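This report looks at the charged side chains of one protein and at how they pair. The sequence and the structure come first, and the description follows.

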Amino acid sequence: AGSMLKTKTKDGSGVVNMKFDRVQRFITRVCDRQRAEFGWVRKIFVKGRQQRTSSTIAARFFRDAQMLPGTDVFILSHEGKSTDALFQKAVLFNSELSHQFPQLAQGTVKENRQEMEFTNRSTYGVGTAGQGNTGRGKTITRFHGSECAFWDNADEIKTGVLQAIALMRKD
């Protein structure tokens with residue numbers, strides 16, 4: 001990520017290479033270890049504010065959507081403002097990767113305010129937890145729930161988006 005993905009500076013004044021800090025490297029290690037052992041990652045992170053956990057997950061998922069054809073990413077946040085901010089991270093990743101490394105970047109077939117579809121049939125989408133039917137009808141291979149404690153309709157979401165997550169086995 002540090003050499004290929006770009007992120008905004010904390011103060012929003014510019015764009016820099018994404019460099020993982022200690023917490024982000026820890027998240028990456030434990031996720032990679034679980035994926036190697038079981039073929040999937042299921043983690044719940046209880047964390048402090050501003051530890052860039054969602055940025056780390058967004059970067060991992062963007063990489064997967066770029067490199068693994070047919071990957072379906074969905075990130076669900078508690079409020080519209082957070083949803084927009086998380087999606088803008090992926091839009092920036094895509095824009096900067098396409099500019100710096102066009103030979104590695106997948107083109108987009110579709111892009112709107114909540115979803116990008118890439119030429120390799122992968123998708124990267126976001127949603128807000130305000131509606132109970134969020135995610136219904138999807139098949140999701142990468143899911144990140146942000147600020148779950150603040151989701152409206154959490155019980156209904158469990159029967160929508162959480163049941164859309166594909167269980168992938170390592171064979």
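Buried here means under 20% relative accessible area, exposed means over 50%, and partly exposed lies in between, with a 1.4 Å probe and protein chains only. The model is a predicted one, in which local features need pLDDT of at least 70 and side-chain atom pairs count only at pLDDT 80 or more, while totals for chains, interfaces and linings use all residues. Residues are numbered from 1 along each chain as its sequence is written, and side-chain values use heavy atoms, with hydrogens and water left out.

Side chains of opposite charge can pair when their charged atoms come close. A salt bridge is counted where a side-chain nitrogen of Lys or Arg lies within 4 Å of a carboxyl oxygen of Asp or Glu, and the structure holds six of them.

| Salt bridge | N to O distance |
|---|---|
| Asp 32 and Arg 60 | 3.0 Å |
| Arg 35 and Asp 64 | 3.3 Å |
| Lys 110 and Glu 115 | 3.0 Å |

Asp 32 forms its salt bridge with Arg 60. This pair links distant parts of the chain, with Asp 32 in helix α1 (residues 22–38) and Arg 60 in helix α2 (residues 53–67), 28 residues apart; helices are DSSP runs of H or I with at least four residues, numbered from the N terminus. Of the two partners, Asp 32 is partly exposed, at a relative accessible area of 35%, whereas Arg 60 has 6% relative accessibility and therefore counts as buried.

A salt bridge also joins the side chains of Arg 35 and Asp 64. Because Arg 35 lies in helix α1 and Asp 64 in helix α2, the pair ties together parts that are 29 residues apart in sequence. Arg 35 is partly exposed, with a relative accessible area of 26%, while Asp 64, at 3%, is buried. Both residues also belong to a network of salt bridges that links Arg 35, Arg 63, Asp 64 and Arg 142.

In the pair formed by Lys 110 and Glu 115, Lys 110 counts as partly exposed at 36% relative accessibility, and Glu 115 is buried, with a relative accessible area of 18%.

As for individual cysteines, Cys 31 is buried at a relative accessible area of 2%, whereas Cys 148 counts as partly exposed at 40%.

Definitions and conventions:
Helices (H or I, at least four residues) and strands (E, at least two) are DSSP runs, numbered from the N terminus.
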